Amino acid sequence: MKRIFLFLLIGITVSTTVEAQNEKRKKIYNLNGSSIAIEGYDPVAYFNQNKAVQGKKEIALVHEGVTYYFSSPQNKGLFIANPFAYRPQYGGWCAYAMGATGENVNIDPETFKITGGKLYLFYNKFFNNTLKSWNKNEAALRTKADANWTRILQ
């Protein structure tokens, strides 16, 4: 009986911890008030098609409390096999803003860059394409963005 109680207690503790982490993720990631990442764009398509492709609600997956849409079952399978290879950097916030000011700024999912096998997304509205600014000083901005994102995650 004591073993059953212990297993139940451990299970409840683990479940509560995972749920708390998922709720934190929803609060710090760019989900536009929902649980959907990248405004519904397929994270894998950026890599294997080198373009932004709208995902389908019917081909969705929840990973660590965040919902990702995919344009094909194959892309969903690739994501399942290695989600960390496809998730956008800095929680899907604008990489330039994360590096320049440490702020969470929304993105245009069609403005992106893949560098070093990582997906970076950028704000691009009202004649302000931050990808152009990022490209002018990418190494320094990426270093600052990494540090700022680490601080946000704590």
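Reader: Which residues of H7 are buried?

Author: Glu138, Leu141, Ala145, Asn148, Trp149 and Ile152 are buried in H7. They span an arc of only 100 degrees around the axis (taken from the directions from the helix axis to the C-beta atoms), so they lie on the same side of H7. Before we go on: this is a predicted model, in which local features need pLDDT of at least 70 and side-chain atom pairs count only at pLDDT 80 or more, while totals for chains, interfaces and linings use all residues. Residues are numbered from 1 along each chain as its sequence is written, and side-chain values use heavy atoms, with hydrogens and water left out.

Reader: Why does glutamate 138 count as buried?

Author: Buried means under 20% relative accessible area, exposed over 50%, and partly exposed in between (1.4 Å probe, protein chains only). Glutamate 138 has 15% relative accessibility, so it counts as buried. Lysine 113, at 23%, counts as partly exposed, and so does arginine 142, at 24%.

Reader: What is on the face of H7 turned away from its buried side?

Author: That face carries the exposed residues Ala139 and Thr143.

Reader: Why does the span of helix H7 agree with what it should be?

Author: Helices (H or I, at least four residues) and strands (E, at least two) are DSSP runs, numbered from the N terminus. The expected span is 1.5 Å times one less than the number of residues. For the 16 residues of H7 (138–153) that gives 22 Å, and the end C-alpha atoms are 22 Å apart, so the two agree.

Reader: What makes the contact of glutamate 138 and lysine 113 a salt bridge?

Author: The term asks for a side-chain nitrogen of Lys or Arg within 4 Å of a carboxyl oxygen of Asp or Glu. Here the N to O distance is 2.7 Å, so the pair meets that definition.

Reader: Which other residue forms a salt bridge with glutamate 138?

Author: Arginine 142 does, with the closest N and O atoms 2.8 Å apart.
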